[in-house]
Amino acid sequence: MTSFPTDTMAPASARTKPESKPHSNQQSNTQTKRNQGPAEHSLLKKGGPDDLLLSVYRKVEKRILGRLKAHLVNITGTELAVEMASSDTVPLADWCAAQTDDAVYLEFHSAMSGPSIWVRVSRLFLTGCVDCFFGGQFDGETCAQGKLTRSEIGMIDRLAKLLADSLSEGWSAVYETTVHYTRYIHDIDDLEMDLDDPNILVSSARVALSGHAVKAIDFVQPIDGLSVAEPQLHRPVNRETHTADPAWQKALKESFDHVFLPVRSVLARPTMDLSQLSQLAVGDILPVAPTDNVPLIVGDRVFAHGSIGEQNGGVAFKIKQFL
(Lines give C-alpha, C1' and ligand atoms only; values in the text may rest on other atoms or scores of the structure.)
Protein backbone atom coordinates (compact mmCIF):
# COMPACT_ATOMS: atom_id res chain seq x y z
CA MET A 1 0.00 0.00 0.00
CA THR A 2 1.28 3.42 -0.95
CA SER A 3 0.46 6.65 0.81
CA PHE A 4 -0.46 9.79 -1.09
CA PRO A 5 -0.71 13.46 -0.17
CA THR A 6 -4.21 14.74 0.40
CA ASP A 7 -5.72 17.71 -1.41
CA THR A 8 -8.81 19.72 -0.59
CA MET A 9 -10.86 21.12 -2.97
CA ALA A 10 -28.21 22.04 -48.32
CA PRO A 11 -28.22 23.56 -51.41
CA ALA A 12 -31.42 25.54 -52.18
CA SER A 13 -34.25 23.62 -53.88
CA ALA A 14 -34.85 24.23 -57.57
CA ARG A 15 -37.24 27.00 -58.41
CA THR A 16 -39.26 27.21 -61.68
CA LYS A 17 -40.82 30.23 -63.31
CA PRO A 18 -44.54 30.10 -64.02
CA GLU A 19 -45.43 29.94 -67.70
CA SER A 20 -46.16 33.34 -69.23
CA LYS A 21 -46.79 34.77 -72.64
CA PRO A 22 -43.83 36.26 -74.50
CA HIS A 23 -43.04 39.83 -73.47
CA SER A 24 -40.20 42.21 -73.90
CA ASN A 25 -36.94 41.39 -72.06
CA GLN A 26 -37.58 44.02 -69.39
CA GLN A 27 -41.14 42.83 -68.71
CA SER A 28 -40.00 39.18 -68.58
CA ASN A 29 -37.29 39.92 -66.01
CA THR A 30 -39.73 41.90 -63.87
CA GLN A 31 -42.25 39.05 -63.88
CA THR A 32 -39.55 36.52 -62.95
CA LYS A 33 -38.41 38.52 -59.93
CA ARG A 34 -42.00 39.00 -58.78
CA ASN A 35 -42.69 35.24 -58.75
CA GLN A 36 -39.45 34.10 -57.11
CA GLY A 37 -39.74 33.73 -53.33
CA PRO A 38 -36.99 33.32 -50.75
CA ALA A 39 -34.75 30.27 -51.11
CA GLU A 40 -35.84 27.24 -49.14
CA HIS A 41 -33.40 24.65 -47.86
CA SER A 42 -34.52 21.19 -48.92
CA LEU A 43 -32.92 19.73 -45.79
CA LEU A 44 -36.10 20.75 -44.00
CA LYS A 45 -38.25 18.61 -46.33
CA LYS A 46 -38.32 14.84 -46.15
CA GLY A 47 -37.59 13.33 -49.54
CA GLY A 48 -35.79 16.47 -50.70
CA PRO A 49 -32.44 16.20 -52.54
CA ASP A 50 -30.57 16.77 -49.28
CA ASP A 51 -32.54 14.25 -47.23
CA LEU A 52 -29.39 12.09 -47.39
CA LEU A 53 -27.66 14.62 -45.14
CA LEU A 54 -30.32 14.20 -42.48
CA SER A 55 -29.98 10.40 -42.47
CA VAL A 56 -26.20 10.72 -42.32
CA TYR A 57 -26.41 13.12 -39.39
CA ARG A 58 -28.56 10.60 -37.50
CA LYS A 59 -25.60 8.21 -37.71
CA VAL A 60 -23.33 10.91 -36.39
CA GLU A 61 -25.69 11.48 -33.45
CA LYS A 62 -25.77 7.78 -32.56
CA ARG A 63 -22.00 7.56 -32.53
CA ILE A 64 -21.68 10.71 -30.44
CA LEU A 65 -24.10 9.20 -27.93
CA GLY A 66 -22.07 6.00 -27.62
CA ARG A 67 -18.79 7.80 -27.03
CA LEU A 68 -20.26 10.49 -24.78
CA LYS A 69 -21.29 8.04 -22.07
CA ALA A 70 -17.87 6.38 -21.90
CA HIS A 71 -16.07 9.72 -21.66
CA LEU A 72 -18.42 11.06 -18.97
CA VAL A 73 -17.91 7.94 -16.84
CA ASN A 74 -14.16 8.52 -16.95
CA ILE A 75 -14.51 12.10 -15.72
CA THR A 76 -17.20 11.71 -13.07
CA GLY A 77 -15.97 8.36 -11.75
CA THR A 78 -19.52 7.07 -11.44
CA GLU A 79 -21.97 5.01 -13.47
CA LEU A 80 -24.48 7.07 -15.43
CA ALA A 81 -27.05 6.83 -18.21
CA VAL A 82 -27.28 9.02 -21.30
CA GLU A 83 -30.28 9.45 -23.59
CA MET A 84 -30.23 11.61 -26.71
CA ALA A 85 -33.36 12.64 -28.60
CA SER A 86 -33.33 13.00 -32.38
CA SER A 87 -32.45 16.51 -33.46
CA ASP A 88 -35.11 19.17 -34.01
CA THR A 89 -34.85 21.89 -36.63
CA VAL A 90 -35.36 25.37 -35.20
CA PRO A 91 -34.29 28.91 -36.11
CA LEU A 92 -31.15 29.91 -34.23
CA ALA A 93 -32.80 33.08 -32.88
CA ASP A 94 -35.72 31.10 -31.42
CA TRP A 95 -33.41 28.60 -29.74
CA CYS A 96 -31.31 31.36 -28.20
CA ALA A 97 -34.41 33.14 -26.92
CA ALA A 98 -35.55 29.94 -25.19
CA GLN A 99 -32.35 29.62 -23.12
CA THR A 100 -33.50 30.95 -19.76
CA ASP A 101 -31.63 28.58 -17.42
CA ASP A 102 -28.02 29.17 -16.44
CA ALA A 103 -25.60 27.41 -18.78
CA VAL A 104 -22.23 27.63 -20.46
CA TYR A 105 -21.76 27.44 -24.23
CA LEU A 106 -18.72 25.72 -25.73
CA GLU A 107 -17.59 26.48 -29.28
CA PHE A 108 -16.02 23.80 -31.50
CA HIS A 109 -14.71 23.96 -35.03
CA SER A 110 -13.82 21.49 -37.75
CA ALA A 111 -12.09 22.35 -41.02
CA MET A 112 -14.82 20.44 -42.87
CA SER A 113 -17.88 21.70 -41.00
CA GLY A 114 -17.94 25.36 -41.99
CA PRO A 115 -19.71 27.31 -39.21
CA SER A 116 -18.89 26.54 -35.61
CA ILE A 117 -20.60 23.76 -33.69
CA TRP A 118 -21.88 24.90 -30.29
CA VAL A 119 -22.55 22.73 -27.27
CA ARG A 120 -24.70 23.99 -24.39
CA VAL A 121 -23.90 22.53 -20.96
CA SER A 122 -26.40 23.33 -18.23
CA ARG A 123 -25.02 24.87 -15.03
CA LEU A 124 -26.89 22.26 -12.99
CA PHE A 125 -25.13 19.41 -14.82
CA LEU A 126 -21.81 21.22 -14.56
CA THR A 127 -22.24 21.45 -10.79
CA GLY A 128 -23.05 17.73 -10.64
CA CYS A 129 -19.93 16.82 -12.61
CA VAL A 130 -17.77 18.82 -10.20
CA ASP A 131 -19.37 17.16 -7.16
CA CYS A 132 -18.91 13.63 -8.55
CA PHE A 133 -15.36 14.35 -9.73
CA PHE A 134 -14.35 15.14 -6.17
CA GLY A 135 -16.05 12.04 -4.78
CA GLY A 136 -19.37 13.58 -3.80
CA GLN A 137 -22.94 12.90 -4.86
CA PHE A 138 -25.20 14.93 -7.16
CA ASP A 139 -28.61 15.61 -5.59
CA GLY A 140 -30.23 16.77 -8.85
CA GLU A 141 -31.11 20.20 -7.44
CA THR A 142 -28.11 22.05 -6.05
CA CYS A 143 -26.66 24.40 -8.64
CA ALA A 144 -23.86 26.93 -8.31
CA GLN A 145 -24.86 30.55 -8.76
CA GLY A 146 -23.20 33.69 -10.07
CA LYS A 147 -19.68 33.79 -11.42
CA LEU A 148 -18.10 30.49 -12.45
CA THR A 149 -15.80 29.00 -9.82
CA ARG A 150 -12.29 27.73 -10.47
CA SER A 151 -13.54 24.15 -10.07
CA GLU A 152 -16.26 24.76 -12.66
CA ILE A 153 -13.79 26.32 -15.12
CA GLY A 154 -11.52 23.32 -14.65
CA MET A 155 -14.46 21.00 -15.31
CA ILE A 156 -15.38 22.98 -18.45
CA ASP A 157 -11.88 22.27 -19.80
CA ARG A 158 -12.32 18.55 -19.06
CA LEU A 159 -15.78 18.46 -20.64
CA ALA A 160 -14.49 20.39 -23.67
CA LYS A 161 -11.87 17.72 -24.32
CA LEU A 162 -14.33 14.82 -24.05
CA LEU A 163 -16.90 16.66 -26.20
CA ALA A 164 -14.28 17.38 -28.88
CA ASP A 165 -13.31 13.70 -28.85
CA SER A 166 -16.97 12.62 -29.01
CA LEU A 167 -17.69 14.99 -31.91
CA SER A 168 -14.58 13.84 -33.80
CA GLU A 169 -15.53 10.19 -33.30
CA GLY A 170 -19.14 10.92 -34.23
CA TRP A 171 -18.21 12.60 -37.51
CA SER A 172 -15.77 9.79 -38.30
CA ALA A 173 -18.88 7.87 -39.41
CA VAL A 174 -18.93 10.23 -42.40
CA TYR A 175 -15.34 11.34 -43.04
CA GLU A 176 -12.04 11.77 -41.29
CA THR A 177 -11.85 15.02 -39.39
CA THR A 178 -10.77 16.42 -36.05
CA VAL A 179 -13.01 18.72 -34.07
CA HIS A 180 -11.20 21.34 -31.99
CA TYR A 181 -12.41 23.20 -28.92
CA THR A 182 -12.19 26.98 -29.36
CA ARG A 183 -13.65 28.72 -26.30
CA TYR A 184 -16.57 28.95 -23.92
CA ILE A 185 -18.98 31.76 -23.09
CA HIS A 186 -21.32 32.17 -20.13
CA ASP A 187 -23.76 34.64 -21.69
CA ILE A 188 -26.04 33.48 -24.52
CA ASP A 189 -25.98 37.06 -25.89
CA ASP A 190 -22.31 36.51 -26.78
CA LEU A 191 -23.16 33.57 -29.08
CA GLU A 192 -22.78 34.68 -32.69
CA MET A 193 -23.03 32.74 -35.96
CA ASP A 194 -22.97 34.20 -39.48
CA LEU A 195 -25.35 31.84 -41.28
CA ASP A 196 -26.89 31.84 -44.77
CA ASP A 197 -29.58 29.46 -43.52
CA PRO A 198 -30.87 30.63 -40.12
CA ASN A 199 -31.90 27.12 -39.06
CA ILE A 200 -30.00 24.76 -36.80
CA LEU A 201 -30.30 21.15 -35.69
CA VAL A 202 -30.43 20.72 -31.91
CA SER A 203 -29.83 17.34 -30.27
CA SER A 204 -30.59 17.25 -26.54
CA ALA A 205 -28.93 14.75 -24.21
CA ARG A 206 -30.31 13.86 -20.78
CA VAL A 207 -27.83 12.43 -18.30
CA ALA A 208 -28.73 10.47 -15.16
CA LEU A 209 -26.01 11.34 -12.68
CA SER A 210 -26.14 9.80 -9.18
CA GLY A 211 -29.64 8.60 -10.08
CA HIS A 212 -30.91 12.08 -11.02
CA ALA A 213 -31.74 12.66 -14.70
CA VAL A 214 -31.33 16.23 -15.97
CA LYS A 215 -31.30 17.92 -19.36
CA ALA A 216 -27.56 18.23 -19.55
CA ILE A 217 -26.20 18.91 -23.02
CA ASP A 218 -27.46 20.40 -26.30
CA PHE A 219 -25.50 19.85 -29.52
CA VAL A 220 -26.15 22.74 -31.93
CA GLN A 221 -25.30 21.92 -35.57
CA PRO A 222 -25.89 24.68 -38.18
CA ILE A 223 -27.56 23.43 -41.34
CA ASP A 224 -24.98 25.42 -43.28
CA GLY A 225 -22.38 23.07 -41.79
CA LEU A 226 -24.12 20.01 -43.22
CA SER A 227 -24.18 21.64 -46.66
CA VAL A 228 -20.43 22.23 -46.46
CA ALA A 229 -19.89 18.61 -45.43
CA GLU A 230 -21.84 17.13 -48.36
CA PRO A 231 -18.91 16.85 -50.81
CA GLN A 232 -17.03 14.79 -48.23
CA LEU A 233 -19.73 12.10 -48.20
CA HIS A 234 -18.50 10.73 -51.53
CA ARG A 235 -14.82 10.54 -50.59
CA PRO A 236 -13.43 7.14 -49.63
CA VAL A 237 -12.24 6.97 -46.05
CA ASN A 238 -8.53 6.24 -45.84
CA ARG A 239 -8.11 3.37 -43.42
CA GLU A 240 -4.64 2.31 -44.53
CA THR A 241 -2.71 0.69 -41.72
CA HIS A 242 1.01 0.27 -41.23
CA THR A 243 2.88 -2.36 -39.27
CA ALA A 244 4.93 -0.76 -36.55
CA ASP A 245 8.59 -1.66 -36.03
CA PRO A 246 8.75 -4.10 -33.05
CA ALA A 247 11.97 -2.53 -31.80
CA TRP A 248 10.38 0.91 -31.91
CA GLN A 249 7.31 -0.39 -30.06
CA LYS A 250 9.50 -1.86 -27.32
CA ALA A 251 11.49 1.33 -26.91
CA LEU A 252 8.27 3.36 -26.77
CA LYS A 253 6.85 1.11 -24.05
CA GLU A 254 10.01 1.37 -21.99
CA SER A 255 9.87 5.15 -22.28
CA PHE A 256 6.25 5.25 -21.12
CA ASP A 257 7.07 3.05 -18.14
CA HIS A 258 9.27 5.85 -16.78
CA VAL A 259 6.78 8.70 -17.19
CA PHE A 260 5.84 10.26 -13.85
CA LEU A 261 2.24 11.34 -13.28
CA PRO A 262 0.77 13.37 -10.40
CA VAL A 263 -1.42 11.21 -8.13
CA ARG A 264 -3.63 12.67 -5.42
CA SER A 265 -6.66 11.84 -3.31
CA VAL A 266 -9.35 14.29 -2.22
CA LEU A 267 -10.72 13.82 1.29
CA ALA A 268 -13.13 16.75 1.49
CA ARG A 269 -14.07 20.14 0.08
CA PRO A 270 -14.89 22.34 3.06
CA THR A 271 -16.19 25.85 2.46
CA MET A 272 -15.57 28.92 4.60
CA ASP A 273 -16.48 32.55 4.42
CA LEU A 274 -13.76 35.19 4.41
CA SER A 275 -14.13 35.98 8.09
CA GLN A 276 -13.50 32.34 9.01
CA LEU A 277 -10.51 32.12 6.69
CA SER A 278 -9.00 35.27 8.17
CA GLN A 279 -9.18 33.75 11.66
CA LEU A 280 -7.32 30.53 10.81
CA ALA A 281 -4.14 29.98 12.76
CA VAL A 282 -1.41 27.39 13.00
CA GLY A 283 -2.75 24.41 14.93
CA ASP A 284 -6.40 24.87 13.98
CA ILE A 285 -8.17 21.64 13.12
CA LEU A 286 -10.56 21.35 10.17
CA PRO A 287 -13.02 18.44 10.61
CA VAL A 288 -13.23 15.95 7.76
CA ALA A 289 -16.26 13.66 7.48
CA PRO A 290 -15.30 9.97 7.17
CA THR A 291 -15.94 8.41 3.77
CA ASP A 292 -15.11 5.15 2.01
CA ASN A 293 -15.49 6.62 -1.48
CA VAL A 294 -12.36 8.76 -1.74
CA PRO A 295 -11.28 9.33 -5.38
CA LEU A 296 -7.74 8.57 -6.49
CA ILE A 297 -6.96 11.11 -9.23
CA VAL A 298 -4.18 10.63 -11.77
CA GLY A 299 -3.56 13.85 -13.67
CA ASP A 300 -7.12 15.16 -14.13
CA ARG A 301 -8.91 11.77 -14.33
CA VAL A 302 -10.40 9.69 -11.56
CA PHE A 303 -8.47 6.41 -11.67
CA ALA A 304 -9.92 4.52 -8.71
CA HIS A 305 -11.95 4.82 -5.52
CA GLY A 306 -10.92 3.71 -2.06
CA SER A 307 -10.64 4.64 1.58
CA ILE A 308 -8.11 6.35 3.80
CA GLY A 309 -6.52 4.36 6.61
CA GLU A 310 -3.28 3.85 8.47
CA GLN A 311 -0.24 1.68 7.77
CA ASN A 312 3.00 1.57 9.71
CA GLY A 313 2.03 4.72 11.53
CA GLY A 314 1.34 6.74 8.39
CA VAL A 315 -1.71 7.71 6.38
CA ALA A 316 -2.38 5.33 3.48
CA PHE A 317 -4.89 4.87 0.68
CA LYS A 318 -6.58 1.49 0.13
CA ILE A 319 -7.88 0.89 -3.41
CA LYS A 320 -11.34 -0.68 -3.50
CA GLN A 321 -12.36 -0.23 -7.13
CA PHE A 322 -10.70 0.67 -10.42
CA LEU A 323 -12.65 2.66 -13.00
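Tutor: Before we start, a term: a residue is buried when its relative accessible area is under 20%. Keep in mind too that this is a predicted model.

Student: OK, so how many of the residues of helix α4 are buried?

Tutor: Helix α4 spans residues 123–133 and is mostly covered. Among its buried residues are R123, F125, L126 and F133.

Student: Is Q221 buried or exposed?

Tutor: Q221 sits in strand β7, residues 212–222. Leaving out residues up to four places away in sequence, Q221 touches Y57, I117, W171, I200, L201 and L226. Its relative accessibility is 1%, under the 20% cut-off, so Q221 counts as buried.

Student: Which side chain meets R67 in a salt bridge?

Tutor: Side chains of opposite charge can pair when their charged atoms come close. For R67, the N to O distance is 2.7 Å. R67 lies in helix α2 (residues 51–76) and its partner in helix α5 (residues 150–171), so the pair ties together parts 102 residues apart in sequence. The partner is E169.

Student: How far apart are the closest N and O atoms of D165 and K161?

Tutor: Both residues lie in helix α5, four residues apart, about one turn of the helix. An α-helix has 3.6 residues a turn, so residues three or four places apart point the same way. D165 forms a salt bridge with K161, and the closest N and O atoms are apart by 3.3 Å.

Student: Which residues form the nonpolar patch with F256?

Tutor: F256 is in helix α7, residues 246–256. At 55% relative accessibility it is over the 50% cut-off, so F256 counts as exposed. The patch lies on the surface and has about 540 Å² of accessible area together. Along with F256, its members are W248, L252, V259 and L261.

Student: How far apart in space are P198 and L92, C-alpha to C-alpha?

Tutor: P198 is also in the loop between β5 and β6. P198 touches V90, P91 and L92, not counting residues up to four places away in sequence. P198 and L92 are 106 residues apart in sequence, but in space their C-alpha atoms are apart by 5.9 Å.

Student: Last one: what is the phi of N312?

Tutor: Most residues other than glycine have a negative phi. N312 goes against that with a positive value, although it is not a glycine. N312 lies in the loop between β10 (301–311) and β11 (314–322). Its phi is about 55°.

Technical notes: Residues are numbered from 1 along each chain as its sequence is written. This is a predicted model: local features need pLDDT of at least 70, side-chain atom pairs count only at pLDDT 80 or more; totals for chains, interfaces and linings use all residues. Side-chain values use heavy atoms; hydrogens and water are left out. Patches are made of residues with over 30% relative accessible area and no salt bridge: like charges are joined within 9 Å, nonpolar side chains (Val, Leu, Ile, Met, Phe, Trp, Tyr) within 5 Å. Accessible areas come from the Shrake-Rupley method with a 1.4 Å probe; for residues, only the protein chains shown count as cover. A salt bridge is a side-chain nitrogen of Lys or Arg within 4 Å of a carboxyl oxygen of Asp or Glu. Helices (H or I, at least four residues) and strands (E, at least two) are DSSP runs, numbered from the N terminus. Buried means under 20% relative accessible area, exposed over 50%, partly exposed in between (1.4 Å probe, protein chains only). Contact means heavy atoms within 4.5 Å.
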